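Morning, everyone. Please have a look at the structure on the screen. I'll keep this brief.

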Amino acid sequence: MGIYRDVILPKLCDRSMRNDRLHPYRRRVIGAAAGRVLEIGAGSGLNLPFYRTTVREVLALEPSPSLLEMARRAPHSGVRVDFIEASAEAIPLDDGSVDTVVTTWTLCTIPGADAALSEMRRVLRPEGTLLFVEHGLSPDRGVRWCQNCLTPIWRRIGGGCHLNRPIRSMIEGAGFRIDRVETGYMAGPKPMTFMYEGSARPR
Ligand SMILES: C[S@@+](CC[C@H](N)C(=O)[O-])C[C@H]1O[C@@H](n2cnc3c(N)ncnc32)[C@H](O)[C@@H]1O
């Protein structure tokens, strides 16, 4: 279990998240970040090359020491990056202290995703922005059925990844107002590829 969680899973996460099809999402979402940015579940640092000079500082939060080590070695755009080994359910930052929170494909995995979203709202300043791209629950009945059936097995092999989380209502339920959300399938198996991309602000 230790080797799977600490060695194999971080490598699998890095490999799967290197998928070129994710690049357009990363470019759009990360390109909109500005100011002091908190990135939730930064993984192996694959977003770091996409930050622009509108960003003053990136706080890359990640609970896995192995992924954090990969992220430290990852190429980045030259923007200052500080790494934080912590979980999103208890973010070690002050209230209202960041301008942008970024989450890319983490809400599927974070065990206490609702608590994590509440923490994101707490650390975001009142006029700040949550930028997100996540996969989650499909509106299509047949696909949803598959997502619900597959999730118990999928989360065991996929490091806790759920296919069936209702991303939009989770974000709204944590006290955010969604400004923009675009949804749709990426290429690939439908239960794994229904995407929610957008931005939200504290209500
Ligand atoms: C599918 S990966 C996405 C990684 C990265 N965001 C990307 O876009 O490449 C999911 C990430 O969520 C992280 N994660 C899992 N539980 C977490 C938690 N409680 N708090 C913060 N991040 C968590 C994992 O360690 C992993 O880095």
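This is a predicted model: local features need pLDDT of at least 70, side-chain atom pairs count only at pLDDT 80 or more; totals for chains, interfaces and linings use all residues.

Now sort the shell by class.

Next, the loop. Strand β4 covers 98–104, helix α4 covers 113–123, and I110 is found in the loop between them. Is I110 buried or exposed? The cut-off for buried is 20 or more other C-beta atoms within 10 Å. I110 has 21, so I110 is buried. What does I110 touch, leaving out residues up to four places away in sequence? The contacts are G41, A88 and A116. Now a distance. R52 is 58 residues from I110 in sequence, and their C-alpha atoms are 27 Å apart in space.

Look at the backbone of W105. Its phi is near 55°, a positive value in a residue other than glycine. W105 also counts as buried, because 22 C-beta neighbours lie inside 10 Å.

Now the helices. Take α1, residues 2–17, and α3, residues 65–73. How do they cross? Their axes come within 9 Å, at an angle of roughly 45°. The two helices are therefore oblique to each other. The crossing of α1 past α3 is right-handed. Who meets whom here? On the α1 side we have D6, V7, P10, C13 and D14. On the α3 side we have S66, L67 and M70. By class, this contact has 5 nonpolar residues, 1 polar and 2 charged.

Last stop, strand β6. This strand runs over residues 176–185, and R180 lies in it. Buried or exposed: which is R180? The cut-off for exposed is 12 or fewer. R180 has 10 other C-beta atoms within 10 Å, so R180 is exposed. Not counting residues up to four places away in sequence, R180 touches G198 and S199. And F50? That residue is 130 places from R180 along the chain, with 21 Å between the two C-alpha atoms.

That's my tour. Over to you.

Terms used. Residues are numbered from 1 along each chain as its sequence is written. Helices (H or I, at least four residues) and strands (E, at least two) are DSSP runs, numbered from the N terminus. Two residues are in contact if their C-beta atoms, placed from the backbone, lie within 7 Å. Axes are lines fitted to C-alpha atoms, for helices over the stretch in contact, and angles run from 0 to 180 degrees between N-to-C directions. Angles under 35 degrees count as roughly parallel, over 145 as roughly antiparallel, 65 to 115 as roughly perpendicular and the rest as oblique. A crossing is left-handed if the near helix is turned anticlockwise from the far one by less than a right angle, and right-handed if clockwise. Ala, Val, Leu, Ile, Met, Phe, Trp, Tyr, Cys and Pro count as nonpolar, Asp, Glu, Lys and Arg as charged, and the others, Gly among them, as polar.
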